[in-house]
Amino acid sequence: MNAFPVILSAPSGGGKTTIAKTLLARRSDIGYSVSCTTRPPREGEVEGRDYYFMTRPAFIAQRERGAFAESAMVHGNLYGTLRSEVERVLASGRHVVMDIDVQGASQFMRAFPESVTIFILPPSADVLLERLRSRKTETPSQLAARLQSALQELQQVGEYEYVVVNDDLERAVASVNAIIDAEIVSRERVKNLRQQVAELIAQLEREIENHTP
Ligand code: 5GP
């Protein structure tokens, strides 16, 4: 299997986490890379499922050890993707879906250049604002910081191969599914293509020889 990482990025409130969770529930050929963060858990979040929650010194120690494929400061907290998480999922033959911010995505591409990059775009500013406000987990200054980073993240859309507008969850999930399916059969990802074609050609040549009077 030609398993590869799939990076989903979006401005905060873009809905990428919901898309990632829906894909994971529906496709058995996909796994999730659980990120590390120094942010405290939100209500309902589970250690090891949503994130590995860690203290800042523990995070920095891991980073110094080179354990992260990428890491970034997002809204005042550190986030990072463990190389071991990505490799664990890829080794099981599953594509690995990652929900990482735009700064992390470009670092991650250096570590895993075979990744597919997808930017999830909110359908309008009103929808983005509404999603951010309805979360209600943030203080006004935290909300302002999220708006500021959403603005900066939107400017990075040109770095991504694919753009999916999240106006409707089912449609957005269908688009991400289609991207993954197309990438699986893209010529550069097909394993042993030269060898497969060389064998076909050799067999055809033998046949031609046998049929030549
Ligand atoms: P939240 O705190 O709302 O779960 O996530 C905040 C932001 O951090 C989101 O934009 C999310 O994509 C990003 N994020 C989550 N995990 C990682 C990670 O491992 N690396 C990076 N660079 N960003 C992450």
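Modeller: By class, the shell around the ligand holds five nonpolar, four polar and eight charged residues. This is a predicted model, in which local features need pLDDT of at least 70, side-chain atom pairs count only at pLDDT 80 or more, and totals for chains, interfaces and linings use all residues. Residues are numbered from 1 along each chain as its sequence is written, and side-chain values use heavy atoms, with hydrogens and water left out.

Biologist: Which residues are closest to the ligand?

Modeller: Of the 17 residues that surround the ligand, the closest are S35, R39, Y51, E70 and Y79. A residue is near a molecule if one of its heavy atoms lies within 4 Å of it.

Biologist: What lies 2.6 Å from an oxygen atom of the ligand?

Modeller: That is an N or O atom in the side chain of S35. A polar contact here is a pair of N or O atoms within 3.5 Å. For G80, a polar backbone atom is 3.2 Å from a ligand oxygen atom.

Biologist: And how much of the ligand's accessible area does the protein cover?

Modeller: The protein covers 95% of the 510 Å² that the ligand has on its own, by the Shrake-Rupley method with a 1.4 Å probe.

Biologist: Changing topic, how many residues of β8 are buried?

Modeller: Five of the six residues in strand β8 (116–121) are buried, meaning under 20% relative accessible area (1.4 Å probe, protein chains only). Strands are DSSP runs of E with at least two residues, numbered from the N terminus.

Biologist: Which residue stands opposite L121?

Modeller: V165 in β9 does. Strands β8 and β9 (162–165) pair in the parallel sense over four bridges; pairing requires at least two DSSP bridges.

Notes: Buried < 20%, exposed > 50% of the residue type's maximum accessible area, 1.4 Å probe, protein only. Polar contact = N/O pair within 3.5 Å; in protein donor to acceptor, adjacent residues only side chain to side chain. Nonpolar A, V, L, I, M, F, W, Y, C, P; charged D, E, K, R; others polar.
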